[in-house]
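Visitor: I am new to reading protein models, and I would like to learn how to look at contacts and at packed helices. Could we take it slowly, one feature at a time?

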Amino acid sequence: MSQHRASHHGHYHQQDQDQDQDQDQGQGHGQGHRHDGTHLDWNELAPVLEREAEIASPAYLDAAAWLGTLAPVHGVRRILDIGSGPGVVTSLLAEAFPAAETVAVDGTPELLVRARDRAGTRGLGPRVSTLHAELPEDIGTLGEADLIWAGNSLHHVGDQRAALAELAGLLRPGGLIALVEGGLPTRYLPRHIGIGRPGLEARLDAAHADSFSGMRAELPGFKDEPEDWRALLAGVGLTPAGTRTFLTDVPAPVSPVVRELALAHYQRLREGLGERIDPDDRKTLDRLLDPADEKSLHHRTDLFHLTARTVHTARKG
């Protein structure tokens, strides 16, 4: 897995599972493609990933503060951010754990450049490094850590249990893993939007769930593993330390940045899900994306951004 929730989260892989929950959050990507198999242009997508992750930063700050109650802040000396994407969360973790070296791990060089640049502009350069790695093949090369953050990246590995066992092997005694998987799909619109049949987003969620299952089934070494993350963590010898879900809530009226994210989100859905979308819903999406339509996302006043991401933690020893 060459990691890329997309976010985008920021977001949107992820996850979700919306179009790519990992993209929604600017984290966790796999092999340079979407869940539908389409090749991704990271130079084009990276700014979107960053903006999505920045919108979610308050939630990530809350998550980092919570991790600080589970792991001694000044005892954490090395952090691995697995599937770092453009490094938004990498920098937040570095700020939350000031005694740690924080390593952004990703399979896309363009995104690692952005992670380094972001850390530098925030004055974190000396404590933030990057590591180009393909997972699961390169897990053994990542080195030991006191804290491992895996943000919407594990679901791009065929055998999730085996990958978790390898990650657990990197933890120092007492070390903590924070696994970001699950939560709620991102919402931008109310149920009834005045065009098409009410409940558009719920139907898109169902189409994406099928696409996500297809993506998983095609991964090398795929194992059909129930997503009981607490049980999986315990099954690889770790002690579950708690699970929390963190909310990102941007109510209407939204800023131009959030409107741009909504447009990117629905464009990805329209392109990525294709024939999985009902023909009438495709027509609705076309209207939502048409800047000349007064009911489009370009002009709507009911647009918002609401999502939740779940963090599962476990400790070694």
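Visitor: Leaving aside its neighbours within four places in sequence, which residues is Thr284 in contact with?

Guide: Please keep in mind that this is a predicted model. Once the neighbours within four places in sequence are set aside, Thr284 is in contact with Ile193, Ile195, Gly196 and Leu200. One of these, Ile195, is 89 residues away from Thr284 in sequence, yet their C-alpha atoms are 6.7 Å apart in space.

Visitor: Where does Thr284 lie, and does it count as buried or exposed?

Guide: Thr284 lies in helix H10, and because its relative accessibility is 5%, under the 20% cut-off, Thr284 counts as buried. Asp281 also lies in helix H10, which spans residues 279–289, and with 3% relative accessibility Asp281 counts as buried too.

Visitor: What does the side chain of Asp281 make a polar contact with?

Guide: The partner is the side chain of Arg203, at 2.7 Å; not counting residues up to four places away in sequence, Asp281 touches Leu200 and Arg203.

Visitor: How are two packed helices described?

Guide: One gives the angle between their axes and the distance between the axes. Here, helix H7 (residues 200–217) and helix H9 (residues 256–273) pack at an angle of about 50°, their axes being 11 Å apart, and H7 and H9 are therefore oblique to each other. Their crossing is left-handed. The contact is formed by Glu201, Leu204, Ala207, His208 and Ser211 from H7, together with Tyr266, Leu269 and Leu273 from H9; by class, five of these residues are nonpolar, two are polar and one is charged.

Technical notes. Residues are numbered from 1 along each chain as its sequence is written. This is a predicted model: local features need pLDDT of at least 70, side-chain atom pairs count only at pLDDT 80 or more; totals for chains, interfaces and linings use all residues. Side-chain values use heavy atoms; hydrogens and water are left out. Axes are lines fitted to C-alpha atoms, for helices over the stretch in contact, and angles run from 0 to 180 degrees between N-to-C directions. Helices (H or I, at least four residues) and strands (E, at least two) are DSSP runs, numbered from the N terminus. Angles under 35 degrees count as roughly parallel, over 145 as roughly antiparallel, 65 to 115 as roughly perpendicular and the rest as oblique. A crossing is left-handed if the near helix is turned anticlockwise from the far one by less than a right angle, and right-handed if clockwise. Contact means heavy atoms within 4.5 Å. Ala, Val, Leu, Ile, Met, Phe, Trp, Tyr, Cys and Pro count as nonpolar, Asp, Glu, Lys and Arg as charged, and the others, Gly among them, as polar. Buried means under 20% relative accessible area, exposed over 50%, partly exposed in between (1.4 Å probe, protein chains only). A polar contact is a pair of N or O atoms within 3.5 Å; within protein, one must be able to donate a hydrogen and the other to accept it, and residues adjacent in sequence count only if both atoms are side-chain atoms.
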